[in-house]
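Try each task on the model before you read the solution.

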Amino acid sequence: MVAYVMCMALLGLGIYCVLMKRNLIKIIVGLVITEYAINLFFVLISYRKNGLAPIFAADAPVAPETMVDPLPQALVLTAIVIGLATTALIVALAMRLYEKYGTFDIAEIRELKG
Amino acid sequence: MTTASAVIPLIVAVPLAGAFIIALLNQKIPRLPDLLGVLATCVGLLLSLWSIYLVQVQPTSVYSVGNWPPPLGIAMVMDGLSAFMLVTVNAIAFAVALYSVDYMERFTAKWQFHSLFLLMLAGMNNVIITGDLFNLFVFLEIAAVASYALVAFGTERHALEAAFKYAVMGTIGSTFILLAIVLLYANTSTLNMADIGRALAQSPAPHLTLFVSGLFIAGFGLKAAVVPFHAWLPDAHPSAPAPISAMLSGVLIKALGVYALCRVLFNVLGLTSQISSILMFLGALSMVIGVFLAIGQWDLKRLLAYHSISQIGYVLLGIGLGTPLGIVGGLFHLFNHSVFKSLLFLNSGAVEYATGTRDLQKMGGLAARMPVTASTNFVAALSIAGVPPLNGFWSKLIIIVAAIQAERYGYAFWAALASVLTLASFMKVMKYAYWGGLGDAWRDVREVPGFMKASMVVLAVVCVLGGVLLLPGLREVFLGAGVEALHQGTHYAAGVLSEVK
Amino acid sequence: MSKEREQGMSLIVKTITRLTVGLILLYGIYIVTHGHVSPGGGFAGGVIIALAFVHLLLAFGKDTAFKVLSESMMSILESTGALLFLLIALIGFVGGHFFMNVLPKGHPFNLFSAGIILPCNIAICLKVGAGLFAIAVALVLLKLAVEKEEK
């Protein structure tokens, strides 16, 4: 239970970081924290104490009740890959923004309004 | 599985293959990006028209990827709503690909544009066709990441800023969607949408369903730019190159936002009266706020972007009513908005191509020099404002009648009011940009090249003839199956699962 | 200073790198090819392979790294990986279903088992390895461009 609460606290921290910070890099860090909080949550719900690898083999009979659920791990890996792609793109955008504006402060990067 | 439905995965595979072949061979064959871009979208259009036929033969067909039967493997589900959305998305994509052949000449890395464009199309097609919730999320992200990159394509200051904002907001939205999927998986131990529906019907979890619905509304609402979550759209859509603005406003917000939201809320979680009233309220709010913000804009593309928010409101209001007539109106308006909004963005791109400005105050009298652009823009403007007999009139009329039938007189009034304000705002566009005396600066402005003209004219013809789709005979084929798919609600699960066995 | 930095780091780093890069690359290939019998797979192995090249890039500078794997080669490898993956799917499509297994399943825990997972892993590894290295190179080049402008 504590682990779930900590996980949600991490999620809250990430969203706080995205909303409140003015530095582009800190916003990106906040995004990454948010993504990872969800990934952690996903892994947590599939965690089983003393669980075994979910392999059905003829010579090693294992009861399904003691196996861990393999699906969330695969899904989290996919989610991490997606997160990587998004983060790489956003970092590249932040670097191009720095090149154009000479600052990472979002208060000074605001040509668009209205 | 019948042999007819064997082509279903090709609708994703063809654009995907096109995107990577362009990336591989662009240096060897110079005209390849244009050719493949148009060819792949054309094949996509043909396949989606085929899917309309497929739905007539068999209302729900399920394709199991890798021959793993669902719910174990990933399933692709083709029903009336999917076929309807596929036609909408691929028709607009074809027109836009045709348009970009000439328009994108000014940009240096044309192959990157076509590659990203096809990647985005593949993402949208798979979001529409998939029957698996996590698969939906993955391809939603593929389409979204491609669209972030496309918004920043011009790499000017404002484009980068808009893309950054869009990417951050979009990622937060995706996070909400992923959290909702995780919660559903934790509760039902399955990711297949039909199977989730079945599991929730067997052991209802009302609190979880409500919370997950809220997360989905926030997540997909961010992608659809519904009003409390709309802040990124007026920056991102105008900053992109015009074909991409047309694609984003025309179909992306609908495929990733409205379609996914409706599919999940109606067919998986089940529409309750609470959710229905939230949808209608958000719809009405977007409708009114969007149009009020639009009317004061002087930047042509920004004005159009605010109207996208407003029109998405109509779609949500119609679908949120939950009555068959309301859903007909909502879906029909979704199709119509795709057509006229992409046409309007392509027109604004044509104006920018010819004059180099987007500021309405600097334009004037362009109708004399650019007759095709001006007349197609006039058709689209009347259509979006809901002037009979153009297509926008019919869909708005159906939505308002459906609201009155459901005794939601307030919403009907706001819908009518927003329509009048839309008309006012587009008369402003016509007056300042196209009519009146020709500005001195624009004496030698020339009409845009052939491919751009062709795609604008095609879309304008669809605008004029769109109302035909409501005639009996055509209506059942195109709209009826989609409405049926949404209105059946959670019977979706039974339909899909019986198809598997 | 900047000239020196472009040529890479100090002699110690370069010597160690020469020794380790091959091992890292080999380990990456091991992870990719054993993805179906032990933890790992195309993505994890691809990341390790990309890191071998990033290691080279950091230690010797971008000129040496490009000699080993040029930018156009990266682009070609990346697209080839994606197309290979799609091709595997399409072979299954011709046989009946998209992504259907067409290879013999073999005996569990053998290297050549698990049907199309191994070729899929190799395709993913090409895509991820080349793609990740391309991302690293793009960001480094962007940074160099920014620094040049500031001077």
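**Exercise 1: the largest cavity**

Lining the largest cavity are A:Glu35, A:Ile38, A:Asn39, A:Ala79, A:Ile82, A:Gly83, B:Phe137, B:Glu141, B:Thr171, B:Ser174, B:Thr175 and B:Leu178. A quick note before we start: this is a predicted model, where local features need pLDDT of at least 70, side-chain atom pairs count only at pLDDT 80 or more, and totals for chains, interfaces and linings use all residues. Residues are numbered from 1 along each chain as its sequence is written, chains are lettered from A and ligands numbered from 1 in the order in which they are written, and side-chain values use heavy atoms, with hydrogens and water left out.

Task: Work out which elements give two or more residues to the lining of the largest cavity, and how its residues divide by class.

Solution. 
- Step 1: On a 1 Å grid over the protein atoms alone, a cavity is a set of points where a 1.4 Å probe fits but cannot get out, and lining residues have an atom within 4 Å of a point.
- Step 2: get the volume, meaning the space filled by probe spheres set on the points, with grid points joined across faces, edges and corners. The structure holds five cavities of 30 Å³ or more, and the largest has about 110 Å³ of space.
- Step 3: assign the lining to elements, where helices (H or I, at least four residues) and strands (E, at least two) are DSSP runs numbered from the N terminus. Chain A brings α2 and α3, while chain B brings α5 (133-151) and α6. The most comes from α6(B), with four residues.
- Step 4: sort by class, with Ala, Val, Leu, Ile, Met, Phe, Trp, Tyr, Cys and Pro as nonpolar, Asp, Glu, Lys and Arg as charged, and the others, Gly among them, as polar. You end up with five nonpolar, five polar and two charged residues.

**Exercise 2: the second largest pocket**

Task: Find which residues lie nearest the centre of the second largest pocket, and which element gives the largest share of its lining.

Solution. 
- Step 1: a pocket is an open set with protein on both sides within 12 Å along at least five of seven lines. This one holds about 740 Å³ of space.
- Step 2: out of 32 lining residues, A:Ile106, B:Lys165, B:Val168, B:Met169 and B:Ala231 lie nearest the centre.
- Step 3: α1 and α2 of chain A, plus α6 (157-188), α9 (233-239) and α12 (300-321) of chain B, each give two or more residues to the lining. The largest share, seven residues, belongs to α6(B).

**Exercise 3: chain B against chain C**

Task: Describe the contact between chain B and chain C, and say which element of chain B gives the most to it.

Solution. 
- Step 1: with contact meaning heavy atoms within 4.5 Å, 17 residues of chain B meet 15 residues of chain C.
- Step 2: take the buried area (accessible area, 1.4 Å probe, that two parts lose on being put together, summed over both). Chains B and C bury about 1,400 Å², 75% of it on carbon and sulfur atoms.
- Step 3: on the chain B side, α1 (10-25) and β1 (61-64) give two or more residues each. Here α1(B) gives the most, eight residues.
- Step 4: that side has 14 nonpolar, three polar and no charged residues.
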